[in-house]
Amino acid sequence: MVTAVPRLVIAAPTSGSGKTTVATGLMAALAARGLAVSPHKVGPDYIDPGYHALATGRVGRNLDAYLCGPELVGPLFLHGARGCDIAVVEGVMGMFDGAAGEGELASTAHVAKLLGAPVVLVVDASSQSRSVAALVHGFASWDPEVRVGGVILNKVASDRHEELLREALESAGVPVLGVLRRVAQVDTPSRHLGLVPVAERRAAAVEAVAAMAAQVGAGCDLDGLVALARSAGALSCVGWDAAEALASSPPPPLPVPSLGAAPPDPRYRPERPRPQTPPEGGPPDGLDVVAVAGGAAFSFSYAEHSELLGAAGAEVVVFDPLRDEQLPDGTRGLVIGGGFPEVYAAELSANEPLRKAVADLAASGAPVAAECAGLLYLCREIDGLPMCGVLDAGARMSERLTLGYRDAVAVSDSALAAAGTRMRGHEFHRTVVEPGAGAAPAWGVRSPAPRVEGFVQQGVHASYVHTHWASETGVARRFVERCRTS
């Protein structure tokens with residue numbers, strides 16, 4: 001199937017150039033025109049998609065060629081863009097910066113090529129004039145497969161500064177599609193892991209998105225940007241669908257390799273039988289609810305995870321550990337994703353009834369999948385404040401940032417993955433859990449050094465490593481099946 005969706009990728013030479021302001025403001029400005037806008041973010045970032053969702057009224061979705069493989073970028077894009085008039089994709093870091101040591105893999109340029117999308121380059125022009133032409137020319141010509149269709153100049157000081165920049169860019173052959181003046185920063189506060197998520201400051205975030213929309217609407221050629229988006233060709237793939245993705249079961253696990261040896265490609269998929277799909281009309285007998293933690297403390301999740309759980313037959317119910325004193329009625333499994341439990345440690349600790357309910361569920365053998373923030377919540381304590389006590393481990397804040405992609409292989413059989421299952425993941429935290437692994441570790445990883453990591457005990461799979469289940473849909477099916485039998 002050949003599918004055409006007007007689309008733009010917003011990129012920049014470096015981080016801090018203004019990509020998020022431009023991308024979010026453009027999404028909101030186009031939505032204000034009555035267009036249905038599909039928001040996307042390159043890479044594993046959870047926070048920017050929250051602002052994108054405010055701007056568009058649609059779920060912000062990630063496009064990560066490392067976590068999911070290049071072959072899923074187009075299908076996941078089309079899945080998110082169903083029914084939309086235009087899609088805006090915010091890039092990550094500098095345009096050509098991708099997974100360390102992997103060439104272009106997972107860079108903004110790589111995703112733009114996979115989508116056949118024109119790129120708009122956001123340039124911080126605050127400390128240059130004629131040099132901007134050399135910069136833009138270099139980015140536009142570095143990779144002939146990447147089409148830089150326009151530039152937006154950010155932090156321009158004056159009319160005279162704008163005139164000099166436009167004069168210089170005439171020789172670069174890239175049209176100027178916007179000029180944003182040097183103004184007081186839009187109120188998007190940051191802390192130890194980046195922007196403060198929308199879930200923690202919704203009213204202020206709504207005002208910030210409105211300010212971004214006004215700035216972009218006043219300073220950019222919206223008609224020119226829409227025309228550029230419409231110049232994108234058709235994609236020769238079909239949109240991803242959770243139920244269809246689950247129609248193929250995971251391959252039999254291969255032997256767990258030595259951590260000193262390079263594991264096989266985690267996207268390897270041998271032929272496998274097609275299992276029966278869940279019965280129509282609701283969840284299978286014996287399964288009521290998979291509870292998914294949400295709210296301000298646990299705001300990091302990929303929408304596809306809940307979609308896969310639902311397609312596998314679960315009823316997904318979101319609860320807020322800061323407010324709810326009990327798990328949802330009928331809970332048979334629990335998913336606790338990422339977020340900032342360290343920021344809300346006192347409130348989480350004070351909610352003793354829920355901590356006990358989580359501990360009791362885990363003790364019953366029910367499946368529990370916890371990533372990063374979820375791992376911390378299951379520990380005995382965070383910086384001395386009692387948590388759920390499911391794991392015999394303590395968590396504390398650290399000055400050191402742990403950041404990077406991970407090749408991971410399941411070391412122990414769990415409710416989430418059979419031993420030998422290979423997935424790609426991402427770590428991003430300023431906390432430490434001691435010990436870092438249990439008697440039955442969750443994953444073996446090879447970066448930054450070979451090690452085992454995380455905890456598997458009874459039905460619990462807890463780890464620092466964030467994964468994207470669309471890359472290995474068998475984990476969702478396995479989790480729901482364990483909910484039925486636990």
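Which residues lie nearest the centre of the second largest pocket? I opened the notebook with that. The model is a predicted one.

**Entry 1: the pocket**

I looked up the centre and found Gly-50, Ala-53, Val-59, Ser-299 and Ser-301 nearest to it. They belong to a lining of 27 residues. The space in this second largest pocket comes to about 670 Å³.

Next I sorted the lining by element. Helix H2 (47-56), strand E3 (61-63), E10 and H10 each give two or more residues. H2 gives the most, with five residues. By residue class I noted 16 nonpolar, eight polar and three charged.

**Entry 2: the cavities**

How many cavities of 30 Å³ or more does the structure hold? I count four of them.

I checked what lines the largest cavity. Its lining has 16 residues, and Ser-301, His-305, Val-335, Gly-337 and Glu-371 lie nearest the centre. H10, E12 and E13 are the elements that give two or more residues here. The lining divides into 11 nonpolar, four polar and one charged.

I made a note on Ser-301. This residue is listed among those nearest the centre of the second largest pocket, and it is also listed among those nearest the centre of the largest cavity.

I read off six strands in the order E11-E10-E12-E13-E21-E20. The sheet is open and its pairing is mixed. Why is one side of E11 and of E20 left without a neighbour in the sheet? Strand E11 (316-319) and strand E20 (455-457) stand at the edges and have a single partner strand each, so one side of each has no neighbour there. From one strand to the next the twist averages 15 degrees.

I took a closer look at one pair. E12 (residues 331-336) and E13 (residues 368-371) run parallel and are joined by three bridges. Leu-334 stands opposite Val-368 in E13.

**Entry 3: helices on the sheet**

I finished with the helices. H10 (residues 303-311) packs on the sheet and touches strand E10 (289-293), E11 and E12. The direction of H10 makes about 140 degrees with that of E11.

Helix H12 (residues 352-363) lies across E11, E12, E13 and strand E21 (460-463). H12 runs at about 110 degrees to E12.

Conventions
Residues are numbered from 1 along each chain as its sequence is written. This is a predicted model: local features need pLDDT of at least 70, side-chain atom pairs count only at pLDDT 80 or more; totals for chains, interfaces and linings use all residues. Side-chain values use heavy atoms; hydrogens and water are left out. Two strands pair if DSSP finds at least two bridges between them. Helices (H or I, at least four residues) and strands (E, at least two) are DSSP runs, numbered from the N terminus. Axes are lines fitted to C-alpha atoms, for helices over the stretch in contact, and angles run from 0 to 180 degrees between N-to-C directions. Contact means heavy atoms within 4.5 Å. On a 1 Å grid over the protein atoms alone, a cavity is a set of points where a 1.4 Å probe fits but cannot get out, and a pocket is an open set with protein on both sides within 12 Å along at least five of seven lines; lining residues have an atom within 4 Å of a point. Grid points are joined across faces, edges and corners, and a volume is the space filled by probe spheres set on the points. Ala, Val, Leu, Ile, Met, Phe, Trp, Tyr, Cys and Pro count as nonpolar, Asp, Glu, Lys and Arg as charged, and the others, Gly among them, as polar.
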